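Please work through each task before reading its solution.

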Amino acid sequence: MATAGGGGWPRCPPGWLLGVVAAALGVLAGVDVYVKMFTNSPLLVCMDLARSREELIDPNYFWVGPDGTNLEGRIYVNLTETGKLMVMGFKEFMSGAYTCTLSHKIIETTTQEEREVLEEYKFMVYAYREADHAYRVFVRFTTKECNLAANSQFFEELRKILNNIISDLTCHIAESSYKCHSVKLPKQGLLYELFVSFQVNPFAPGWEEDCHQVPYDCEDATNTKVQEAKDRIGAFFHKQTYALRHHFQAVPAIHYVDNSFSVTHIDSCRPGFGKNDITHKNCASCCVVCEPGTYSPNNEVTCQICSRPQVQIY
């Protein structure tokens, strides 16, 4: 396993080391290499570990890309005379099998007879993105009874307040709802509570314009903003307990239930990417480009199978 690019686990070893180690495995079954979108791949070296420690006579390296054509001369690759390959500014279509054929000569010491040897090394290289983060929030409020018209009014007002708290981050409250339940607590009578849930989402109107100000890709920026939004909302609810104890002489009819705030982390992937901890177990937290014959049209984490899979490349 190997990855390239910044922003979260997994990290890659130094490029030269990755190339040697990856090639050592490449002879047997190929090596999976994960390259973060818009970054450069690590160096892929056209030989195995044992071969790297030996003398090579008249070595020649021939790299073939995912489309089966020679990579020499492509503007997005850097090929060295010693057989090292770097794919620059990695994008979805660059994903696939990269194969190198190493040819070199073996000269018999006694007869000086020359024999050419061919060895093949294969790398499966995948574009990936960091997952987009969102947060599902659960919180409870005590109310006088479930059929109060004030319950829905309170819920709408709460949603407006929360959206206002995070609006400058281009985040918003989504998929919000509430239900009223009767609750029997130990040694107390019957209470009525509003069970409120909503999602803190990083994609409020205007987020794309903000992304244009960030070089290459903005998933790190959006993830940072939505985490800040989650923290602000958490701070808002934690302040409710203090406000009830110190700012109100009479407890409001609808008020926050102490320590009821909880958060669940949710990952999503950009269209064209998905998560698969079986196929890509070495990059399980990554959103990896969908395989040929699959697609993802939305922000979920699953690549779906095409009804008529005809395209064989990424």
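**Exercise 1.** Determine how far apart the sulfur atoms of cysteine 46 and cysteine 100 are, and what handedness their link has.

*Solution.* Step 1: the sulfur atoms of cysteine 46 and cysteine 100 are 2.0 Å apart. A disulfide is a pair of cysteine sulfur atoms within 2.5 Å, and cysteine 46 and cysteine 100 form one. Step 2: the angle about their S-S bond is -95°, and the link is left-handed. Step 3: cysteine 46 lies in the loop between strand E3 (44-45) and helix H2 (49-52), while cysteine 100 belongs to strand E7 (residues 96-107), so the pair ties together parts that are 54 residues apart in sequence. Helices (H or I, at least four residues) and strands (E, at least two) are DSSP runs, numbered from the N terminus. Step 4: both cysteine 46 and cysteine 100 are buried. Buried means under 20% relative accessible area, exposed over 50%, and partly exposed in between (1.4 Å probe, protein chains only).

This is a predicted model, in which local features need pLDDT of at least 70 and side-chain atom pairs count only at pLDDT 80 or more, whereas totals for chains, interfaces and linings use all residues. Residues are numbered from 1 along each chain as its sequence is written, and side-chain values use heavy atoms, with hydrogens and water left out.

**Exercise 2.** State which parts of the chain are tied together by cysteine 146 and cysteine 180.

*Solution.* Step 1: cysteine 146 and cysteine 180 form a disulfide with sulfur atoms 2.0 Å apart. Step 2: cysteine 146 is found in the loop between strand E9 (132-143) and helix H3 (149-166), and cysteine 180 in strand E10 (residues 172-184); the pair therefore ties together parts that are 34 residues apart in sequence. Step 3: the torsion about the S-S bond is about -80°, so this disulfide is left-handed. Step 4: with a relative accessible area of 32%, cysteine 146 is partly exposed.

**Exercise 3.** Classify cysteine 290 and cysteine 303 as buried, partly exposed or exposed.

*Solution.* Step 1: cysteine 290 has 8% relative accessibility, so this residue counts as buried. Step 2: cysteine 303 has 25%, so this residue counts as partly exposed. Step 3: the two form a disulfide, with sulfur atoms 2.1 Å apart.

**Exercise 4.** Which cysteine sulfur is nearest to that of cysteine 306?

*Solution.* Step 1: the nearest is the sulfur of cysteine 290, 8.7 Å away. Step 2: cysteine 306 is in no disulfide. Step 3: its relative accessible area is 23%, so cysteine 306 is partly exposed.
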